[in-house]
Amino acid sequence: MLSLRIAARFLKSSPGQSLLIMAGIAVGIATQIFVGSLITSLQADLIDSAVGSSAHITLLPGEGETVDRALAADASASEDLISTAVPVRTLSGIFVDGEDSVPLSITGGDAARLDTIYGLSDRMAAGSFRLGEGEAVVGTVFAEKYGVGTGDGLDVLLPSGSPATFEVSGVFDLGQATANERVAFVDAASAADALGLADDEYSAVQIQLDDVFASTDVAARLSEKYDVEAVDWQAENEQLLSGLAAQSGSSAMIQAFVLIAVALGIASTLAISAVQKTRQIGILKAIGMGDGAAGRIFLWQAALLGVGGTLGGIALGFGLIALFGVVPVPFSISPEPTFIALSAAIGITVALLSSVIPARSTSRLDPIEVIQNG
């Protein structure tokens, strides 16, 4: 471990320079951790807002056909990624209030099972989430715009042309203005009566997945297996996915340039150190130190600087994330342990690679020439 002891002594001989190098590495790693965690958390928040309270896949039967409960159970059993599959009855209605009329997208089903997809029990702004016979829940925008509250009657013109009145049991907030204005939920029996369906007949099966980005593959398999149309959320949100891809690309470029700047800084500093220590290295080689051992001095220097700078960068990164927590934004940053470990590994690896040039330069050093030149 002679190379390690000499490397440590070289670093101690220039403490200011060593601290500046480690500070540079720390800033680079901290930037990578903060920017990477920020983008990841922002994308997770956007995805949760867009599809966290809606179906990821919707199975639709052919024209004039229906599905039954067994399809939901079979689909759930056939795919490990499915977290919940709920048979529903969907219909369009028109809310009528004097001269006002507005289309409503009505979903009927069992309240407990609908809650596994939409999380309505945790999203009620007024009243409670219950769907007894003849009851309905509406969104906050709809309730405010048309002056509808809990206990009021909701007059709806059904697809058959016949009127129906529901009692509003609650007002929900799904976090999406369109859904809060145009979506309503009713009990399964009322939806069946409106559509003329039997007890075991449903118009669709709505599915949520543990991994939202697996929806395309799962939808294709379910469509082929059950001969139904499978509507995938990704196919209906191409602009959102394009925006997320652009964010990821920008984040990767920023992190790459930061790492390149860190690598160039370490390499240039180690190269200068190699020039400054030429006489000492020449003397060590003259008394028997091999080329490999001489080169490892700079490898150990890079390792010590990389480890010290990376640990400082992790601490600084968590400090920046904690500081971001006091900023009034609608989401928080959640650092991923795997990403932190990857950033640390990249930082140390970059530092080690930066030592290649000065190590090779030292291995070619002729000790006799160094001693003769003083």
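The model is predicted, with local features requiring pLDDT of at least 70, side-chain atom pairs counting only at pLDDT 80 or more, and totals for chains, interfaces and linings using all residues. Residues are numbered from 1 along each chain as its sequence is written, and side-chain values use heavy atoms, with hydrogens and water left out.

I noted that helix 10 (residues 278-286) and helix 11 (residues 291-324) pack at an angle of about 150°, their axes 10 Å apart. Helices are DSSP runs of H or I, at least four residues, and strands are runs of E, at least two; axes are lines fitted to C-alpha atoms over the stretch in contact, with angles from 0 to 180 degrees between N-to-C directions. Helix 10 is therefore roughly antiparallel to helix 11 (over 145 degrees). Ile 281, Leu 284 and Lys 285 of helix 10 meet Asp 291, Ala 294, Ile 297 and Phe 298 of helix 11 (contact: heavy atoms within 4.5 Å).

I next looked up the largest nonpolar core, which has 22 residues; such a core is a set of buried Ala, Val, Leu, Ile, Met, Phe, Trp, Tyr and Cys residues joined through side-chain atoms within 4.5 Å. Strand 7 supplies its largest share, four residues.

Finally, I located Ser 343 in helix 12 (residues 337-353). Ser 343 counts as buried because its relative accessibility is 1% (buried: under 20% relative accessible area, 1.4 Å probe, protein chains only). Leaving aside residues up to four places away in sequence, Ser 343 touches Ile 29, Gln 32 and Ile 33.

Conventions
Buried < 20%, exposed > 50% of the residue type's maximum accessible area, 1.4 Å probe, protein only. Parallel < 35°, antiparallel > 145°, perpendicular 65-115°, else oblique.
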